[in-house]
Each structure stands twice: as C-alpha cells, then as structure tokens.
Amino acid sequence: MTNMAEDLKATHVTDAAPLPNGAPTAEDRRRTDRKRSPREQKKRTANVVIYGVLVVLVVALMVPFIWMLSSSLKENNQVLTVPIQWIPQEFVWSNYTDIWTRIPMMGYLQNSLYLAVIITCLQVLTGSLAAYGFSKVRFPGRDVLFLAYIGTIAVPWQAYMVPQYIMMQQLGLTNSFNALILLQAFGAFGVFLMRQYYMTIPDELCEAARIDGLSEYGIWARVILPLSKPALASLALLTFVNTWNDYMGPFIYLTSNRLWTVQLGLRSFVGQFDAEYAMIMTGSVISVIPILIIFLIGQRYFIQGIATSGMKG
Amino acid sequence: MTTETITQAPAPVHSRGNRKQARRNTLIGWTFILPNFLGFLAFTLIPVVAAFALSFMEWTSFSAPKWVGLANFQRMFASDSFWIALRNTVVYALGHVPLTMALALILAMLLNRKLKGIGFFRVAIFFPYITSLVAVAVVWNMLFSPDSGPINQFLGSIGIANPPGWTSSSDWAMPAVIITSVWRDMGYYMVLYLAGLQAIPTELYEAAEVDGASAWQRFWNVTIPSLRPTTFFVVVMLTVSSFKVFDLIVVMTNGGPGRSTTVLSQLIYQEGIGEGKFGYSSAISLVLFIIVLTVTVLQFKIQQRRER
C-alpha cells in the first residue's frame, strides 16, 4: 500500500515537471534520466492499482472456495463460529480419511467417472461423424435436417423431460445408467459445435484427399480429425464436466444408492446429516477436485469452446 | 431437392452418372449422420414433438391417454401453483439477468488488458461456473446461515442490526438464490464479453482520444455500441437460462420455504415425474417453451430494429 502511494506521488511530481517556458532545468533532466518517462511511469502506477483491485476482487470472489476448504479441515462445532475462523485452530485431516467409510464415496466417484467417460466418448465420436456429414458431404435434405438439430437446441430440456421419462419407463430403463447414456450421448450441441469448427476447414483439403483416392471415411479419420483436435478437446472437456456436474439427470433416473453419482451422494449426505458441517465440506471439496484438475489442464479449450460456439449444453 | 443437387454439382458429366453420384453422396452423408441421428431422433426429437401432443391429452400413470383439447390449460390457468411458479421464475429472471450482465461486463473491462498473470485472474473468475452445482449450493447455504453464517456476521459487523434470514425466510430465499447464481454465472458471460471487447478495433479508441473524449465518454460512445452484438447474445442466453432455472433451486431451497422459490421447471417435474400427470405437466412445459421462444424472437426483433 505504501508503495502504491509513493508511486502516485511520483507521477504528480513528474507530471508537473516541465516548466512553462519549455526549457528543462538541469534537475529536471537528471530526473528524467534516472526515472522512466512520465507516460511510462503513469502506466506503471496504473498497473499497480489494477493489480491491487484485481487481487482484492478475486480473493472476494473466491471466499466461498476458501471457506469450503477451511471448513473441510475443522471439527463440526468449529465451522459456524462467531467470529469466523478463516484458518482452522487445528487441522482435522481425519475428515479426509473418514469420509470414505461414512458414505460410499468411492462408489459415487466411480459411477460419476463411468458415466462421464462413456457419454463423452459417444458424444465426441457421433458428434464429429455427424458434423462431417453436415459440413463436408452434399446431399439433398441435409440443411433441413441440420435445422431440426438447431431447433431442438432452442427448446428447453425441461419442456420435454416428461416424454423422455415416459419413454424410459416404457423401455424399462429407469434406475439404470443406460437411461442417462442414451439421453445425453447424442446431444445436438456436440454436432453443432463440431460443425462450426469443420466449416472453417477449407473444402479444398477434402477435395485434394478425394483425388488422392481416400474414401470419405478416410478423409474424416486422416484429414479432418487430426485438424480438429482443439474442437474435439473443447467438446470432450465440456461434455465431461457437464456430465460430472449433472444433478437433474441422475436425480430423475437413478434411485438406488449403488448407482448414485457424486452429486447425488453429496446431496443425500447433506439431507441426512445436516449438522455434519465439516464432513459435508470435505465431500464438496472431493467432488470439485477432479473438475479443478481437468479445468487446469484444459482451460484453454474451455475458453475457446465457449468463445467460438458461445453456448453450452 | 434432387434437381437442385444436380445443378449444383461441379463437374457435369452426363446426367445419369450425376444422379448416381448424388445417390452415393446421400448414402455416404447419412452413414456419417446416422449414429448420432438415431439417438437424437429417439431421445430428443420424438420427445419434443410428443411434449406438444401430450399437452392436449389427459394421461396419468393410472389412466390411458385421452384427447381433452384445452382442458389442461384451463386447469393450469386456474391453479395458483402455476401463477406462483411463473411469478417466481420472472422475479428470478429480473434479478439474475441484469446483475449477471452488469458484473460480467465490469469484470471483462477490468480483465481486458495485457498484464502479466491476467490469465490467472480470468481463470479464477470463470471457475465457479464449472464447479459442481451441489457443492456451490451447499457452501452458499452455509454462508447464508442466518445466525452464525459468515454473510450475516459480515453484515452485522458493518452495522446492520437485523440481517435477513436468507434461505430460511420466504422473503429472502429468492435473493439468496439470485446472489448464488450471479456469482456462479458471471465468469461465463465475462468470457463472452472479453471476446467481444477484443474484437473492437483499437483505432476507434485512438480516434476518440484524439477528439478529446474522456474515459467515460469512450465507454459510452465506443465500447457500448461496439459491444451491441455481444450484449444481444448475452441477454438472450441469460434470459433463456433464467427461465429454465431448475437444479440450483432444487438443491438450494427445493422451492421453499413454502412455495416462495418454486419455479416453472420444478412444477413440471413435480406434476409430471413426481405425480405422473403427464398431460398436465406437458401443458406447463408448453408455456415454458413459448416464453423462451417469445423472449428470443423479441430480442431478435429489437436487435434488427437497432441495426437499421
């Protein structure tokens, strides 16, 4: 803080330095030699101020995470204290070992992982295939069909969840992973995202490959797929995170405890033991960690995926 | 359709070969689309169409489907649950849309500069958006704890004698939900605004500066007009997502206390899947869809008029 104030003062001095008659005094010249030009100086000061603002802002926005982490390392009766303890008096690491026996956390994690991996693989595979058909093969009716895809993106999922549920009930698929896989693996959004990307790949490339004797499937596998790695990564990451975080799907379809995902397990834990504040926070931290890791590895693709498609499933 | 393709085809050999080529293309195209299309048709397209038809039928888990015309809608408009849910949904949207938009824009303006480590700040602000909703809801519920929660302790420390009861009070539960959702969503819309800001040519700002425009004037006369397409997109996305709000409410308040935070999506779930009134719940779905569609079309019209 003191530094910032000094910087601010310095700018004022240098700003006021040039004399009215325009002749720089000896002292003035020495000052400009020693220091940066006023303009640069001003910019530096501004940067310091902005850094200060940003740090305060980000810390304020991260308070829920900080609080979550800190509470996960406390005893239950230490969580909601007056005044707030930001750093636990003593670190209760045992929360992180006890939770695995308190609730079947490992099973929940496995279920979430299983669903997320299967749905992501199917979505990326079928999505990129369909996107090739929609962008690189010309045939009658193609654009009308694509319009049907786009049209359903605009319909809120909640508006057709009941018919979906009836259908799954008739097929006898409620209370199984298959219901969720079938409902989520063929999303129109994945096709849309991949097609947007394929449209930016010049048709000449496919044309050249065709002349070289590659079949359409060969072009998809050997020309288009390698070129669309960033889009594939975006779609895979977005689908994975969406499936991992999904609450309503598992909530509607998965009734037996052994099928529950992390989100359902955590929610039911909160419902049953609502005074176990510390353990609830431990569970929350564990449910967020996989997403944090994936996000840190692939954040570039997340941001790109959002900026190019501008939407999310 | 077929004739169209033939005229479009690049190298005109004789027409029989062409027709054969077109048929081959159709076959190839469909094989690419089919794996996705089968799933899409069965589990998205058919349910969407079915939802329309169902809203004019009476069908429960105990009775066979029967055509009843507008009876579901009459019952819906006479039910106060529907009006309460609609009102709550609108209140949520009125809070969520402007707050998220304003904060996302402010954050984007702050973060739209070349500084060392700026990427870290952007990523940190974006992270809540992809954090699991249950974790978010659980943490905020505790932060909002009326007696000794951090938020009310903070409010107390700045001299607010009777801080609100948040999720335990029917007046303050909705604001609590809105605050949580704004916190969660603003990073996402910030990314959209950042992309918009970066597309503004710097010459515009330089020219404005030469003309002696102040920072505030540059904001109103250069930034805001240049961001219009982004803002349009953000408003549409935000409004649509507000009317669809579902999981956050289910996890955070489950519609309570009382019915103070019950929203349309939740009503569809309760009536349709909870109680098995398939027809009646589809009528509510149709209303939700029409609202979302109207909002989108309206925004498009406004945008078009502005551009002219």
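**Helix packing and the core**

Author: Helix H8 (residues 142-154) of chain A packs against helix H11 (residues 188-199) of chain A at an angle of about 120 degrees, with axes 9 Å apart. Helices here are DSSP runs (H or I, at least four residues), numbered from the N terminus. Axes are lines fitted to C-alpha atoms over the stretch in contact, and angles run from 0 to 180 degrees between N-to-C directions. This is a predicted model: local features need pLDDT of at least 70, side-chain atom pairs count only at pLDDT 80 or more, and totals for chains, interfaces and linings use all residues. Residues are numbered from 1 along each chain as its sequence is written, while chains are lettered from A and ligands numbered from 1 in the order written.

Reader: Which residues of H8(A) and H11(A) make the contact?

Author: Two residues are in contact if their C-beta atoms, placed from the backbone, lie within 7 Å. H8(A) brings A:Tyr149, A:Ile150, A:Thr152 and A:Ile153, and H11(A) brings A:Ala188, A:Phe189, A:Val191 and A:Phe192.

Reader: Which residues touch the most other members of the largest nonpolar core?

Author: A nonpolar core is a set of buried Ala, Val, Leu, Ile, Met, Phe, Trp, Tyr and Cys residues joined through C-beta atoms within 7 Å; buried means 20 or more other C-beta atoms within 10 Å of a residue's own. Here that core has 155 residues, and B:Tyr189, B:Met190 and B:Leu288 touch the most other members. Its largest share, 14 residues, comes from helix H8 (residues 173-198) of chain B.

Reader: What is B:Leu288 in contact with?

Author: Beyond neighbours within four places in sequence, B:Leu288 contacts A:Pro156, A:Gln158, A:Ala159, B:Phe243, B:Leu264, B:Ser265 and B:Ile268.

Key:
Helix = DSSP H or I, 4+ residues; strand = E, 2+ residues; numbered from the N terminus. Buried ≥ 20, exposed ≤ 12 C-beta atoms within 10 Å, placed from the backbone.
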